[in-house]
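Subject: Structure handover

Hello,

Here is the structure I promised to pass on. Please load it before you read the notes below.

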Amino acid sequence: MSQLNKHTVEKIGGTSMSNYEAVRDSVILHQGRLKDLYQRVFVVSAYGGMTDLLLESKHTGRPGVYALFANADEDQDWRDALTAVRQKMTEINRDLFADRNDLVRAETFIGERLDDAERCLSDLQSLCAHGHFELDAHLLTVREMLASLGEAHSAWNTAELLKRDGINARFLDLSGWNAEKHYSLDEHIKRALADVDLSCELPIATGYAHSQDGLMSSYDRGYSEITFSRIAVLTHAREAIIHKEYHLSSADPRLAGADNVVPIGRTNYDVADQLSNLGMEAIHPRAAKGLRQSDIPLRVKNTFEPEHSGTLITRDYVSETPRVEIIAGRRDVYAVECFDQEMSGFIATYDSELLKATQRFKAGIVTKDINANTITHYLSTNLKTVKRIRAVIEERFPECEIQVRKVAVVSAIGSDMKIPGMLSRAVGALAESGISILAMHQSMRQVDMQFILDIADYENAVRSLHKHLVEVHDHGEAICAA
């Protein structure tokens, strides 16, 4: 494969993938781009909602095939869930393939994989019924196998549909299905792309890529962005592009008003990291790291507004004038406050043990604060996990008084907010709206200000901060620069 910095690597999100015509017309063939149709690698997600059915719902936690298999008292539960996946995939195929022969081929491809997966799960369940074999030792492999089905389905379909429509597309299966030898992620990608000619081929790669170390143990459902990033880095892409169903905007338009928010236009990877920390990923932070280090620009575009240049994220961008670029937040955060009179002088010991507890149960830390005798962690997780963390802390520090409260976090973020009075303006905006601040944080780097609030104040806080810190600026500079 040629590595002359001529090509782009582009990722298409699940909601966008669910609309093939929009992807074809707005992304693949945008502006009738027959002359520069190629010199692109596409990495695709599973169709919208499919990974939820295969694993578990990302938003509600409702169990999919994996969760039911991992916790099954009866094997019929996960079998029924797999049947539901099969039915959903068949529905999608019937909507996409009008020609009978094409439909049969599509059904045969994914049907064989589903059959293999069901046999594998059944055999593993039987094996682990014996005391010498532990199911837990195999669950991560099961999770990866099931996740790969979604991307294999969407990538194969998309490649076939594009070929039907006269484009020389190529299904690039990175899932490692039935692979006889396992490689590192980088080596696997290099081998898969070795004979691809980007001058005349359009590879459609699975968002899941198999590797000997596994992706999900480190990145869980961020694996497709890691695949996307590594392909861009290893092939020295001139630009990485993510196609989403929405713009990366200055706030949630449902809260701040569609007429008030604007696409960010330009920002840097530092801002992207802050967004990721709040669960509003422009890109997974580990994926962004590779692009940043390789100085590859990342563009986030709206699939359904192809004429718009989107938002360009680069390593060194700083806004010409200090400003807030985006108001973001989340309202599903648990504040775990640990107070102990004996903590004074032993902060490091307490902090270390608290971090071990959160890491053990894989709770995300949004932020934390510390004083002489109190440490509060603000966690993005569920109540069940919080209770487990609390039990561990109580066992380790019996005298510690622990308070748990569900709160909201709202953050003002910008590539350069180093201007006197910025923090006071933000606090004033919240006070004007009658919002009490429970806690607040601003680091010396001054790329974000975080406000911990009562959940009931979340929406009003987003609107107020956006009105006073974002809407007061002319955003033409950033948008035009993109």
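This is a predicted model: local features need pLDDT of at least 70, side-chain atom pairs count only at pLDDT 80 or more; totals for chains, interfaces and linings use all residues.

The notes below cover the cores, one histidine, a pocket and the aromatic pairs.

Cores

The largest nonpolar core has 107 residues. Those with the most contacts inside it are Ile28, Leu146, Phe228, Ile231, Leu291 and Leu298. Helix 7 (residues 139-164) gives the largest share of this core, 12 residues.

Leave aside its neighbours within four places in sequence, and Phe228 is in contact with Val9, Glu10, Lys11, Val43, Ala240, Ile241, Ile242, Ile283, Leu291 and Leu298. Two names there, Leu291 and Leu298, are also on the list of residues with the most contacts inside the largest core.

His466

His466 sits in helix 17 (residues 458-470). Why does His466 count as buried? Its relative accessibility is 0%, and buried means under 20%. Again leaving aside neighbours within four places in sequence, His466 is in contact with Ser250, Ala251, Ala256, Asn260, Val261, Ile327 and Glu471.

Second largest pocket

This pocket holds about 570 Å³ of space. Its lining has 23 residues. Thr141, Met145, Gly176, His182 and His210 lie nearest its centre. Which elements give two or more residues to the lining? They are helix 6 (100-127) and helix 7. The largest share, six residues, comes from helix 7. By type, the lining divides into nine nonpolar, 11 polar and three charged residues. So helix 7 gives the largest share both of the biggest core and of this lining, by the definition of helices used here.

Aromatic pairs

A search of the whole structure finds six aromatic pairs. Two of them are described here.

- Phe69 and Trp78 are edge-to-face, at 5.5 Å centre to centre with 80° between the planes. Both residues are buried.
- Phe109 and Trp156 are stacked, at 5.1 Å centre to centre with 10° between the planes. This pair links distant parts of the chain: Phe109 is in helix 6, Trp156 is in helix 7, and they are 47 residues apart. Phe109 and Trp156 are both buried.

Phe109 and Trp156 also belong to one aromatic cluster, together with Phe97 and Phe171.

Best wishes

How values were computed
Residues are numbered from 1 along each chain as its sequence is written. Side-chain values use heavy atoms; hydrogens and water are left out. A nonpolar core is a set of buried Ala, Val, Leu, Ile, Met, Phe, Trp, Tyr and Cys residues joined through side-chain atoms within 4.5 Å. Buried means under 20% relative accessible area, exposed over 50%, partly exposed in between (1.4 Å probe, protein chains only). Helices (H or I, at least four residues) and strands (E, at least two) are DSSP runs, numbered from the N terminus. Contact means heavy atoms within 4.5 Å. On a 1 Å grid over the protein atoms alone, a cavity is a set of points where a 1.4 Å probe fits but cannot get out, and a pocket is an open set with protein on both sides within 12 Å along at least five of seven lines; lining residues have an atom within 4 Å of a point. Grid points are joined across faces, edges and corners, and a volume is the space filled by probe spheres set on the points. Ala, Val, Leu, Ile, Met, Phe, Trp, Tyr, Cys and Pro count as nonpolar, Asp, Glu, Lys and Arg as charged, and the others, Gly among them, as polar. Rings of Phe, Tyr and Trp (its six-membered ring) pair if their centres lie within 6.5 Å; planes under 30 degrees apart count as stacked, over 60 as edge-to-face and the rest as tilted.
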